[in-house]
Amino acid sequence: MEMELAADELKSVLNRLRRAQGQIAGIIKMIEDGRDCEDVITQLAAVSRALDRAGFAIIATGLQHCVADGTRTAGDRDRLRARLEKLFLSLA
């Protein structure tokens with residue numbers, strides 16, 4: 001399954017992932033510095049939400065493209081729907 005992202009959609013997802021990357025680096029430093037467990041867990045939860053949002057944005061874009069593409073056969077649509085559903089549930 002190929003999902004093409006428009007430039008603005010791609011930029012948004014990449015920005016989310018870069019922020020998450022920075023958060024992960026911060027969490028590593030927090031652990032190395034012996035920071036409070038509660039602070040570390042709070043930051044882990046935040047990065048997890050950021051990654052989930054990036055994943056959901058990619059899936060939503062895929063759904064949008066699939067709905068717009070009316071040239072697929074019923075069997076193709078069913079298989080694609082099942083694959084997108086599996087992806088969505090992997091983030092749930």
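This is a predicted model: local features need pLDDT of at least 70, side-chain atom pairs count only at pLDDT 80 or more; totals for chains, interfaces and linings use all residues.

Tutor: Aspartate 33 and lysine 29 form a salt bridge, with their closest N and O atoms 2.9 Å apart. Residues are numbered from 1 along each chain as its sequence is written, and side-chain values use heavy atoms, with hydrogens and water left out.

Student: Why is the pair of aspartate 33 and lysine 29 called a salt bridge?

Tutor: The label needs a side-chain nitrogen of Lys or Arg within 4 Å of a carboxyl oxygen of Asp or Glu. At 2.9 Å, aspartate 33 and lysine 29 meet that, so the name applies.

Student: How many salt bridges does the structure hold?

Tutor: Two. Aspartate 39 also pairs with arginine 35, with the closest N and O atoms 3.6 Å apart.

Student: What makes aspartate 39 buried, exposed or partly exposed?

Tutor: Its relative accessible area is 33%. Buried means under 20%, exposed means over 50%, and partly exposed is in between (1.4 Å probe, protein chains only). Aspartate 39 therefore counts as partly exposed. Arginine 35, at 45%, is partly exposed too, and so is aspartate 33 at 49%.

Student: What makes up the largest nonpolar core?

Tutor: Six residues: Ala20, Ile27, Met30, Val40, Val47 and Ala50. A core is a set of buried Ala, Val, Leu, Ile, Met, Phe, Trp, Tyr and Cys residues joined through side-chain atoms within 4.5 Å. Helices α1 and α2 (37-68) each supply at least two residues of this core. Helices here are DSSP runs (H or I, at least four residues), numbered from the N terminus, while strands are E runs of at least two.

Student: Which residues does isoleucine 27 contact, leaving aside neighbours within four places in sequence?

Tutor: Val40, Gln43, Leu44 and Val47, where contact means heavy atoms within 4.5 Å.

Student: And which residues make the nonpolar surface patch?

Tutor: Leu10, Leu14, Leu17, Ile24, Ile28 and Leu51, about 440 Å² in all. Patch residues need over 30% relative accessible area and no salt bridge; like charges are joined within 9 Å, nonpolar side chains (Val, Leu, Ile, Met, Phe, Trp, Tyr) within 5 Å. Isoleucine 28 has 44% relative accessibility, so the area cut-off is met.

Student: Where does the largest share of the patch come from?

Tutor: Helix α1 (residues 7-32), with five residues.

Definitions and conventions: Accessible areas come from the Shrake-Rupley method with a 1.4 Å probe; for residues, only the protein chains shown count as cover.
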